[in-house]
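Please read them with the structure open.

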Amino acid sequence: MVSIEELISLKGKRSLITGAASGIGRAMAERFAEAGSDLILIDIQDEKLHQVRSELNRYGVKIKIFKVDLSRKPQIDRLWIKIKNNLPDILVNNAGIYPFREFVDIDEKHYQKVMDINLNSVFWMCQNMIKLRGKAGGTIVNVGSIEALLPFKKDLAHYSSSKAGVIALTRALANEHGRKKYKINVLLPGGIITEGTKGAAKLIFKFKKGLLDSALKFKGRISLGRLGEPDEVAKMALVMASDLSSYMSGAIVAVDGGFLSA
């Protein structure tokens, strides 16, 4: 029987994590480094990426960082050309944006940017991973949202739609490529305290006071009675990336404090 230490270990593996400069992505990078994985960290925030790399050097793993605008497919393709000789064994598509805007006020440019980052980039990242790794297989963890299953917050119809697409894409790829040794699952965070959610909260208080009631109702629905921390999502991502989840593919895993079951 394989020990727990061996099952959770990512030693000898290379993991690519998008949106790694802060929040959930930053927490994932730390947990994966702690588990022994070499890292390829992607974000548009170059300065913060350098800071993360500096902080994670203490784990003694190899860390490469790349500034990439995931809303632009050519930049995604160039990234994979750069790393084609050192392909990741594990891909975590974590990057995403959630700009509040009323449905009737959403224009094509706004909608397209949300879809490009939240859904289309996941599509192109997965395509490059599977195309380049071929029969070698690999592990993919896509990050969706509970809003894809139960839209709750107002003014996020575009966001919910993009994350619903991530779920559909994940399950389609798991079905199509499972026999080619690909393990592909989707992780659904709930209310998590990050720099992004703190910024959104400030906007609610300053400009969207009508959303305050919705925010309070959201928190009241959480069975555990509190918002989550980025590391609580990162720990589950590590389980999904490791051999602890060796017989799990096409699964939808919520880390939401019980929100969906309330």
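Against which elements do the buried residues of helix 3 pack? The points below start there; note that this is a predicted model.

1. Helix 3, residues 46-56, has Leu49, Val52 and Leu56 buried. They lie on the same side of the helix, because the arc they cover around the axis is only 60°. The buried residues of this helix pack against helix 2 (23-34), strand 2 (38-43) and strand 3 (63-67).

2. The sheet is open and has seven strands in the order 3-2-1-4-5-6-7, paired in parallel. Strand 3 and strand 7 (252-255) are at the edges with a single partner strand each, so one side of each has no neighbour in the sheet. From one strand to the next the twist averages 15°.

3. Within the sheet, strand 1 (residues 14-18) pairs with strand 4 (residues 90-93) in the parallel sense through three bridges. Serine 15 has isoleucine 90 of strand 4 as its bridge partner. Helix 5 packs on the sheet and touches strand 1, strand 4, strand 5 (138-143) and strand 6, with its direction at about 180° to that of strand 5. Helix 9 (residues 230-241) lies across strand 4, strand 5, strand 6 and strand 7, and runs at about 165° to strand 6.

4. The largest nonpolar core contains 35 residues, and Leu16, Ile42, Leu79, Trp80 and Met125 have the most contacts inside it. At least two residues each come from strand 2, helix 4 (73-82), helix 5 (108-133), helix 6 (157-177) and strand 6 (182-189). Helix 5 gives the largest share, seven residues. Another core, of 34 residues, lies apart from this one and includes Met28, Ala35, Val52 and Val233.

5. The model has 10 salt bridges. Arginine 31 takes part in a salt bridge with glutamate 34 (2.9 Å, N to O); the two are three residues apart in helix 2, so about one helical turn separates them. Arginine 31 also forms a salt bridge with aspartate 231, with the closest N and O atoms 2.7 Å apart. This second pair links helix 2 to helix 9, across 200 residues of chain. Arginine 31 is partly exposed, at 24% relative accessible area, and aspartate 231 is partly exposed at 25%.

6. Arginine 72 and aspartate 69 form a salt bridge, the closest N and O atoms being 3.3 Å apart. Aspartate 69 is buried, with a relative accessible area of 18%. Salt bridges with shared partners also join Arg26, Glu30, Glu55 and Arg58 into one network.

Terms used. Residues are numbered from 1 along each chain as its sequence is written. This is a predicted model: local features need pLDDT of at least 70, side-chain atom pairs count only at pLDDT 80 or more; totals for chains, interfaces and linings use all residues. Side-chain values use heavy atoms; hydrogens and water are left out. Buried means under 20% relative accessible area, exposed over 50%, partly exposed in between (1.4 Å probe, protein chains only). Helices (H or I, at least four residues) and strands (E, at least two) are DSSP runs, numbered from the N terminus. The arc is that of the directions from the helix axis to the C-beta atoms. Contact means heavy atoms within 4.5 Å. A nonpolar core is a set of buried Ala, Val, Leu, Ile, Met, Phe, Trp, Tyr and Cys residues joined through side-chain atoms within 4.5 Å. Two strands pair if DSSP finds at least two bridges between them. Axes are lines fitted to C-alpha atoms, for helices over the stretch in contact, and angles run from 0 to 180 degrees between N-to-C directions. A salt bridge is a side-chain nitrogen of Lys or Arg within 4 Å of a carboxyl oxygen of Asp or Glu.
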